[in-house]
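Hi there,

Here is the structure I promised to send over.

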Amino acid sequence: VEEAWSQQRQFIADASHELKTPLTVILANLRILGNHREDTIANQMRWIESSDQEALRMKKLVSDMLLLARNDADETQPLATEPVLFSDVVLGAILSFESVALDNSLRIHDEITPDIVVSGDKAQLEELVGILLDNACKYAQPGGWVLLTLARQGGRHCVLSVADPGVPLTPQECRDIFKRFYRVDHVRAMNHSYGLGLAIAARIAEAHRGRIWAESSG
């Protein structure tokens with residue numbers, strides 16, 4: 001109970017810290033707009049667009065926090081499962097991210113074993129693959145590649161791997177990246193993410209009685 005309470009307090013503190021920055025930016029933008037009331041909207045679009053971007057970031061953060069909270073609340077409830085053609089889920093995610101990869105000058109390669117079926121929640125599995133692909137596309141080196149492999153392991157299991165030649169991580173960082181709000185220092189400088197994506201991915205994997213981990217050559 002003490003550990004759970006401590007984690008809850010840390011989660012609230014981290015969430016409050018992350019929400020403070022976009023709110024500060026939005027309030028500053030509004031003050032600037034208020035000081036130029038006679039100006040045209042066209043001349044002040046810089047501050048309006050900045051506020052819009054920060055509001056969207058906040059919306060995504062709140063959505064992710066609600067998802068984690070719901071998953072925590074349902075932790076003792078059995079997952080509603082059905083047979084899911086996981087091979088098609090992975091291929092569908094690749095198609096969805098082709099434009100993202102193109103924007104980042106990346107090539108997506110795949111080695112997908114066909115007709116792999118797993119028991120689970122299709123929407124959650126789609127989100128899991130999407131998070132991993134999004135993470136790879138964000139942090140891979142420009143002009144590089146992302147490789148997805150899906151293969152059977154034993155009679156009843158499968159392994160999904162998402163790899164890219166990004167910045168190497170230490171063994172400790174490979175463990176910590178699945179913690180809520182955790183971001184490696186160089187990642188923090190590269191991207192404005194809140195560090196919840198991989199925590200959500202880990203929660204989905206655990207709910208499906210799976211395991212998620214990271215490896216690095218660094």
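**Helix 5 and its cap**

D121 caps the N-terminal end of helix 5, with a side-chain oxygen 3.1 Å from the backbone nitrogen of A123. A polar contact here is a pair of N or O atoms within 3.5 Å; within protein, one must be able to donate a hydrogen and the other to accept it, and residues adjacent in sequence count only if both atoms are side-chain atoms. Helices (H or I, at least four residues) and strands (E, at least two) are DSSP runs, numbered from the N terminus.

Please bear in mind that this is a predicted model: local features need pLDDT of at least 70, side-chain atom pairs count only at pLDDT 80 or more, and totals for chains, interfaces and linings use all residues. Residues are numbered from 1 along each chain as its sequence is written, and side-chain values use heavy atoms, leaving out hydrogens and water.

Among the buried residues of helix 5 (residues 122–139) are L125, L128, V129 and L132; buried means under 20% relative accessible area, exposed over 50%, and partly exposed in between (1.4 Å probe, protein chains only).

Helix 8 (residues 197–207) is mostly covered too, with 8 of its 11 residues buried. R203 is one of them. After helix 8 comes R209, which has a positive phi near 55°.

By contrast, I41 sits in the loop between helix 1 (2–34) and helix 2 (45–73), and I41 counts as exposed because its relative accessibility is 62%.

Finally, strand 4 and strand 5 make a hairpin with 3 residues between them, and G154 in the turn has a positive phi of about 75°.

Best wishes

Conventions. Two strands pair if DSSP finds at least two bridges between them.
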